[in-house]
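Biologist: I am new to this structure. Please show me how to read it, step by step.

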Amino acid sequence: MIRFFRKYKGFAGCTISTRLNYRGALLMNIVNASVSLVASLFLWNVLFQEQSVISGYTRDDMIVYLMIVFLMQSILGNGTEWEIAGSVLEGSIIMDLIKPISFQSRCLFQTIGSAAAEGAVAAFVTGTAAVCLCDLGKYLAPERFFLFAVSILMAFFVKFCISYLAGLCCFFTSNGYGVIYMRQVITDIFSGALLPLSFYPEWFEKIAKVLPFQSIMYTPTQIFLGRTEGAQAVNMLLLQLVWVIVLWVFGYFFFRFAIRRVTIQGG
Amino acid sequence: MPIIARDLTKVFKMPAHAPGIAGALKHVVHPQYTEKVAVDHVSFEIHDGESVAYIGPNGAGKSTTIKMLTGILHASGGEIEIQGVNPYKDRIANARNVGVVFGQRTQLWWDIPVEESFRLLKDIYEIPDARYKENMELFKEVFGLGEFITRTARRLSLGQRMRADLAASLLHDPKVLYLDEPTIGLDVTVKENMRELIRMMNRERGTTIILTSHDLQDIEDLCRRVIVIDQGRIISDVEREQLQSMFAHERGVRISLKKPGRDVYQKLLEHPELRLEMEDAHTITVMFDLHIHTAYEVISLVEELADIRDISVIEPDIKQVIEKIYRSELQVNS
């Protein structure tokens, strides 16, 4: 494990260095995301003037919900799949394939790097905003916070595995946009990033809960808001873990399958 | 046995589009493919410490072969073994033994200092600290890395980038080094510098060199053995000198005359076995077959017709030989 970490850690480090080289872009990403965050905060503010509880969410719940989604989206970014798509389409993936490394682990560590760079900035923005906008105190039980931290970590891995699979699809499509935008839309809807899952019709919620996407946003938010507690929360974490393992193994075999059919462009 | 390829074959499936929008639509509904044999039953053995040029015209199957040797591409048929490892089945084990330089690509990270890219490679290949230090010292000395190692790869000149890339590919002491167009786009002195470095690695570390290049000087300077591939098949696999002498029966003399030599040229046309060329009014190049004439005979022939001022003999070099193979003027049987 230590050996594994030592071998791949450089990918995270180099990615952080690269990101910090583009400080402007890093900041703009956060600013862009903040704009849409602020817009939805205003929207929900208006809605909560009419009624104090919507589908079981109070105003404060909703603000926290939006904050967590914002934080998660910044941490989880879309970098992975664009980079995989780019390296597949442009052919530079061969520079990774000639090295004694697993492509999947290499991508994971690269994603960890960009998450660290963007997450740090996003966490600062969210933290500050949340303190100003609502009474955070009632959400911050230490035991719950620990579960929340674990669920974010799991959410990160689930999101990575899904992005990795989407990125690999470019082996077959010779184009990244379609696959990646579709992946984003599906994730936004089924993970609860757009709206909490309880806002959807019951049948839809049921479908969403058997899909892996809910592990990305729904699970961490529910735990932080205290809507799932104790054994139920632990079960949700376990479900996340199952998804991580299933998707990782699937990604491993999908890569082997994809690479067999690869025709690397140029060079 | 270090590198063995037996009946190596690669068949690509290419989408066959009919022309126009209708064709594109048709392809969506009912995709059709044509098969293209890129590499066709290629066999060779390469020993430790050899330096081999693997050459052929564009689209001959060179890069495809290299990609199969490096385990990137899956062979459609045949066997490969490199240092006892099947490169496709055991890509990672194979990657430890080989270094690759693709002249058109880089393994350096664009936005971070070169030094950090090297440290990443140290982690990836799990190079011990002492070995890493030793190699870095050597590369700083002979590759001149010291002058730009703290710069980001983005800011290197092409020559510096290629030197850094070559060093990067050698950092883990590979037994085999693949060079795919290692001097492409470099100017003459930098090319010479690159070649010297490659030669040194081959000589002093016994690194096996496999080179594909369109620069024939690379081949002449770096390789003792030349494998020529065309349309996926090996058409020649011999020592470089042998290749030269096999085709050396055509020689030439370049003769400068004291007076304009149009009439001499006309007279020489009576000998159809000679290939003639008027370079300018005073200079005639005469190409002849060694089996039919000697250089002395040709010169005597001209001397009878006019006064000669100067003579130079044209020896065939590898460039001409290979250019001829490419133009399919020569049939090779070996």
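This is a predicted model: local features need pLDDT of at least 70, side-chain atom pairs count only at pLDDT 80 or more; totals for chains, interfaces and linings use all residues.

Biologist: What radius of gyration does chain B have, and what would a compact globule of 334 residues have?

Modeller: Chain B has 25 Å, while a compact globule of that length would be near 20 Å. Its C-alpha trace spans about 75 × 60 × 45 Å along the principal axes.

Biologist: How many helices and strands are in chain B?

Modeller: Chain B holds 12 helices and 13 strands. Of its contacts with a separation of 6 or more, 70% join residues 24 or more positions apart.

Biologist: What share of chain B counts as buried?

Modeller: Buried means under 20% relative accessible area. By that cut-off, 52% of the 334 residues of chain B are buried. The accessible surface of chain B is about 16,000 Å², and carbon and sulfur atoms make up 49% of it.

Biologist: How many positive and negative side chains does chain B have?

Modeller: There are 42 positive and 52 negative ones in chain B. The centres of the two sets lie 6 Å apart.

Biologist: Now the partner chain. How is the size of an interface often given?

Modeller: It is often given as the accessible area lost when the parts come together. Here chain A and chain B bury about 2,900 Å² between them, with 59% of that on carbon and sulfur atoms. A:M95, A:I98 and A:P100 supply 22% of the area that chain A buries against chain B, more than any other three residues. In terms of contacts, 37 residues of chain A meet 29 residues of chain B.

Biologist: Let us pick one helix. Why is helix α4 of chain B largely enclosed by the rest of the structure?

Modeller: Eight of the 11 residues of α4(B), residues 114–124, are buried, so the helix is largely enclosed. Among the buried ones are B:V114, B:F118, B:L120, B:L121 and B:I124, and also the charged B:K122 and B:D123.

Biologist: What covers the buried residues of α4(B)?

Modeller: The cover includes α1 (2–21) of chain A, and α5 (129–142) and α6 (158–170) of chain B.

Biologist: Which residue with a positive phi follows α4(B)?

Modeller: B:E126, with phi near 50°. B:E126 is not a glycine. It sits in the loop between α4 and α5 of chain B. B:E126 is partly exposed, at 28% relative accessible area.

Biologist: Where is B:D173 found?

Modeller: B:D173 is in the loop between α6 and β6 (176–180) of chain B. Its phi is also positive, near 50°. B:D173 is partly exposed, with a relative accessible area of 27%.

Key:
Residues are numbered from 1 along each chain as its sequence is written. Chains are lettered from A and ligands numbered from 1 in the order in which they are written. Side-chain values use heavy atoms; hydrogens and water are left out. Helices (H or I, at least four residues) and strands (E, at least two) are DSSP runs, numbered from the N terminus. The radius of gyration is taken over C-alpha atoms; the globule rule is 2.2 Å times the number of residues to the power 0.38. Buried means under 20% relative accessible area, exposed over 50%, partly exposed in between (1.4 Å probe, protein chains only). Contact means heavy atoms within 4.5 Å. Accessible areas come from the Shrake-Rupley method with a 1.4 Å probe; for residues, only the protein chains shown count as cover. The place of a charge is taken as NZ of Lys, CZ of Arg, CG of Asp or CD of Glu. Buried area is the accessible area (1.4 Å probe) that two parts lose on being put together, summed over both.
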